[in-house]
Structures are given as C-alpha cells and as structure tokens.
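Subject: Structure handover

Hello,

I am passing a structure on to you.

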Amino acid sequence: MAIIRTTDKRKFEVEVSAKKADEEIVRVGARAIPIVDLKVAGKDEFVYLNASHIVSIEDDD
C-alpha cells in the first residue's frame with residue numbers, strides 16, 4: 001500500500017505500492033488533464049486525483 005499526499009494537504013491510502021502508483025501517474029501525465037484513479041485501501045471505491053496536485057507518494061510501512 002501507499003500514501004499519497006496532495007497540494008491541498010489531503011492524504012489518501014491506496015492499495016498499490018508507491019512504485020506502481022508512480023508508474024500510473026507518469027502514464028497519465030502526458031494527458032491534457034492528468035487524472036489518475038487508484039483503489040482506496042480497504043474500501044470498494046476509487047479516488048480520482050489530478051496528477052499535477054500530487055506532492056508525494058510513500059510506501060506505507
């Protein structure tokens with residue numbers, strides 16, 4: 001799992017590793033509006049984030 005922090009001080013725990021989340025964000029980064037969707041840890045829902053608002057991605061240890 002990984003923790004994603006955004007410019008507006010929000011924090012999201014997602015089910016993928018930090019490396020996998022970073023790969024996903026790089027993949028969508030070239031789009032006009034770089035929206036990435038990641039599964040929220042422990043929930044049956046997704047979070048949709050503008051990749052340009054992401055400050056950090058850390059592994060949840």
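The notes below go from the overall fold to single residues.

Some ground rules first. This is a predicted model, in which local features need pLDDT of at least 70, side-chain atom pairs count only at pLDDT 80 or more, and totals for chains, interfaces and linings use all residues. Residues are numbered from 1 along each chain as its sequence is written, and side-chain values use heavy atoms, with hydrogens and water left out.

**Overall fold**

The protein has one helix and five strands. Helices (H or I, at least four residues) and strands (E, at least two) are DSSP runs, numbered from the N terminus. From that end, the order is β-β-α-β-β-β. The radius of gyration is 11 Å, close to the 10 Å that the globule rule gives for 61 residues, so the protein is as compact as a globular protein of that length. That radius is taken over C-alpha atoms, and the globule rule is 2.2 Å times the number of residues to the power 0.38. Along its principal axes, the C-alpha trace spans about 30 × 20 × 20 Å.

Of the 61 residues, 33% count as buried. Buried means under 20% relative accessible area, exposed means over 50%, and partly exposed lies in between (1.4 Å probe, protein chains only). The protein exposes about 4100 Å². Carbon and sulfur atoms supply 50% of that area. Accessible areas come from the Shrake-Rupley method with a 1.4 Å probe; for residues, only the protein chains shown count as cover.

Now the contacts (heavy atoms within 4.5 Å). Among those between residues at least 6 apart in sequence, 51% join residues at least 24 apart.

**Strands β3 and β4**

β3 covers residues 35–39, and β4 covers 46–50. The two run antiparallel and are joined by five bridges. Two strands pair if DSSP finds at least two bridges between them. V36 has L49 as its bridge partner in β4. The hairpin of β3 and β4 has six residues between the strands, and G42 takes a positive phi near 75° there.

In a regular strand the side chains alternate between the two faces of the sheet. On β3, V36 and L38 make up the covered face. I35, D37 and K39 make up the uncovered one.

K43 sits in the loop between β3 and β4. K43 is partly exposed, at 45% relative accessible area. K43 and V14 are 29 residues apart in sequence, yet 9.3 Å apart in space, C-alpha to C-alpha.

**A nonpolar surface patch**

I33, I35, F46 and Y48 form a nonpolar patch on the surface, with about 440 Å² of accessible area together. Patches are made of residues with over 30% relative accessible area and no salt bridge; like charges are joined within 9 Å, nonpolar side chains (Val, Leu, Ile, Met, Phe, Trp, Tyr) within 5 Å. I33 lies in the loop between α1 (18–28) and β3. I33 is exposed, with a relative accessible area of 60%.

**Salt bridges**

The structure holds five salt bridges. The term means a side-chain nitrogen of Lys or Arg within 4 Å of a carboxyl oxygen of Asp or Glu. Three of them are described here.

- K39 pairs with E15, with the closest N and O atoms 3.9 Å apart. K39 lies in strand β3 and E15 in the loop between β2 and α1, so the pair ties together parts that are 24 residues apart in sequence. K39 is partly exposed at 26% relative accessibility, and E15 is partly exposed at 40%.
- E23 pairs with K19, at 3.6 Å between the closest N and O atoms. Both are in helix α1, four residues apart, which means about one helical turn between them. E23 is partly exposed at 41%, whereas K19 is exposed at 61%.
- R10 pairs with D8, and the closest N and O atoms are 3.0 Å apart. R10 is partly exposed at 43%, and D8 is partly exposed at 45%.

Most residues other than glycine have a negative phi. K9 has a positive phi of about 70° although it is not a glycine. K9 lies in the loop between β1 (2–6) and β2 (11–14). K9 counts as exposed, at 77% relative accessibility.

Best regards
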